[in-house]
Amino acid sequence: MSNQKEKNIDFMKFTYRTPVITYNTDEVAYLLGTRRQTITMYREIGILKAIKTGKRYMFSQAEIERFQRDYEGLDISNRLKALESYKLVKSRN
């Protein structure tokens, strides 16, 4: 009987957390109206921070919103301009 009690989980110890919404590279490209290669470039530069899950990268909804807020109005259309914008945003923070 005591062995059974040890196996029970006390769910009151766990706190509820809002689920994190994540997107893969293709989904982020679709949401932002760009190509998969562009999202990969943003990730490599550091403009979009990702979570590596095995062979894939996942991007949180919060990270996408931060990206849209921080890079609004900046030209990130190619690697050189994206690097310049990254440095500018980094210096603001």
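This is a predicted model: local features need pLDDT of at least 70, side-chain atom pairs count only at pLDDT 80 or more; totals for chains, interfaces and linings use all residues.
User: At what angle do H2 and H4 pack?
Analyst: About 40°, with the axes of H2 (residues 25–32) and H4 (residues 61–70) 12 Å apart. That makes H2 oblique to H4. Helices here are DSSP runs of H or I with at least four residues, strands are runs of E with at least two, and both are numbered from the N terminus. Axes are lines fitted to C-alpha atoms, for helices over the stretch in contact, and angles run from 0 to 180 degrees between N-to-C directions. Under 35 degrees counts as roughly parallel, over 145 as roughly antiparallel, 65 to 115 as roughly perpendicular, and the rest as oblique.

User: Which residues of H2 and H4 meet?
Analyst: Val-28, Leu-31 and Leu-32 from H2 meet Ile-64, Phe-67 and Gln-68 from H4. Contact means heavy atoms within 4.5 Å. The residues of this contact are five nonpolar, one polar and no charged. Ala, Val, Leu, Ile, Met, Phe, Trp, Tyr, Cys and Pro count as nonpolar, Asp, Glu, Lys and Arg as charged, and the others, Gly among them, as polar.

User: Which residues of H4 are buried?
Analyst: Glu-63, Ile-64, Arg-66, Phe-67 and Asp-70. They cover an arc of only 160° around the axis, which puts them on the same side of H4; the arc is that of the directions from the helix axis to the C-beta atoms. Buried means under 20% relative accessible area, exposed over 50%, and partly exposed in between, with a 1.4 Å probe and protein chains only.

User: And what is exposed on the face turned away?
Analyst: Ala-62 and Arg-69.

User: Why does Arg-66 count as buried?
Analyst: Because its relative accessible area is 17%. Leaving aside neighbours within four places in sequence, Arg-66 is in contact with Ile-47, Leu-48, Lys-49 and Tyr-71.

User: Switching to H3, what do its buried residues pack against?
Analyst: H2, E3, H4 and H5. After H3 comes Gly-46, with a positive phi near 110°.

Notes
Residues are numbered from 1 along each chain as its sequence is written. Side-chain values use heavy atoms; hydrogens and water are left out.
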